[in-house]
Amino acid sequence: MSQHQKKKVYFASDFHLGAPNKESSLIREKRIVKWLDTIKDDALEIFLVGDIFDFWFEYKEAIPKGFVRLQGKIASLTDKGIPVHIFTGNHDMWIFDYLPEELGVQLHREPIERTFYGKKFYIGHGDGLGPGDRGYKMIKKIFSNSFFQWCFARLHPNFGIGVANYSSRKSRAKTGNDDDKYLGEDREWLVHHCKDILQEEHFDYFIFGHRHLPLDIQLNDNSRYLNLGDWIKYYTYGVFDGTDLKLLQNTPENVLGKAYTFTHQNKKG
């Protein structure tokens, strides 16, 4: 790499490994690992912004079966000195100390603020933010409660993880592709959240996942909101090269990524 070439910051979210079944999840996991391998040489930091797993719960002496390729790749990245950040999402909020201790990741449960090359970033998964969705916000409080977590941990892993995986599949079958719709800027709750923050403090970029829909929305003359999409349908990710933030799409024939072509009226400008 040229000494004048800046290292890049990468963002991806919503891998939902484990869904909808083991076979397709494994194919997706291998693709993610291959992508991580292509970016390791020019990555300054890597942010995996929630719902990496479709379900995750850590018992004291047990974790969900599978996902060893991704875990091994992340460990190799942190061993090389590349900071890897993992955010808990609404599907994997029960990540505790295993990934930080074994893989060396930095774990985040709430949005964080970071500055890269003089640009301010606000980064989070996106669930439970902004107006509305009161039902989910109440459920999140319950699931985040340490007593509820203690109760769930009393269940045998075969039963507890099995019930959770079944519930996740039923929820996905019920909602279908509802997330795959652009609601219009006035109905995108994360847009409202960004604009509320901007009333108090400036950020150049807001980075969220959760929506499963790639979005690039100009909030004002100096601020943008990027939603990272997912790796179930879109295989999109963000990259900041020190000058510009771009949304790229991973394709099997072009693992380094190409500019994502928006099919919704959600482009910046």
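I started with helix 1 (residues 22-39) and helix 2 (residues 68-79), which pack at about 15° with their axes 9 Å apart. Helices here are DSSP runs of H or I with at least four residues, strands are runs of E with at least two, and both are numbered from the N terminus. Axes are lines fitted to C-alpha atoms, for helices over the stretch in contact, and angles run from 0 to 180 degrees between N-to-C directions.

The model is predicted, so I kept in mind that local features need pLDDT of at least 70 and side-chain atom pairs 80 or more, while totals for chains, interfaces and linings use all residues. Residues are numbered from 1 along each chain as its sequence is written, and side-chain values use heavy atoms, without hydrogens and water.

Helix 1 and helix 2 are therefore roughly parallel (angles under 35 degrees count as that).

Next I looked up who touches whom, with contact meaning heavy atoms within 4.5 Å. Helix 1 brings residues including Leu26, Ile32 and Leu36, and helix 2 brings residues including Val68, Leu70 and Leu77. The contact residues divide into seven nonpolar, no polar and five charged (Ala, Val, Leu, Ile, Met, Phe, Trp, Tyr, Cys and Pro are nonpolar, Asp, Glu, Lys and Arg charged, the others, Gly among them, polar).

Then I checked the lining of the second largest pocket, where helix 1 supplies the largest share, four residues. Helix 2 and helix 6 (157-175) each supply at least two. By class, I noted nine nonpolar, five polar and six charged lining residues.

The peptide bond from alanine 19 to proline 20 is cis, with omega near -5°. Histidine 16 is in that loop too, and has a positive phi of about 50° though it isn't a glycine. Most residues other than glycine have a negative phi, and most peptide bonds are trans.

Notes
Parallel < 35°, antiparallel > 145°, perpendicular 65-115°, else oblique.
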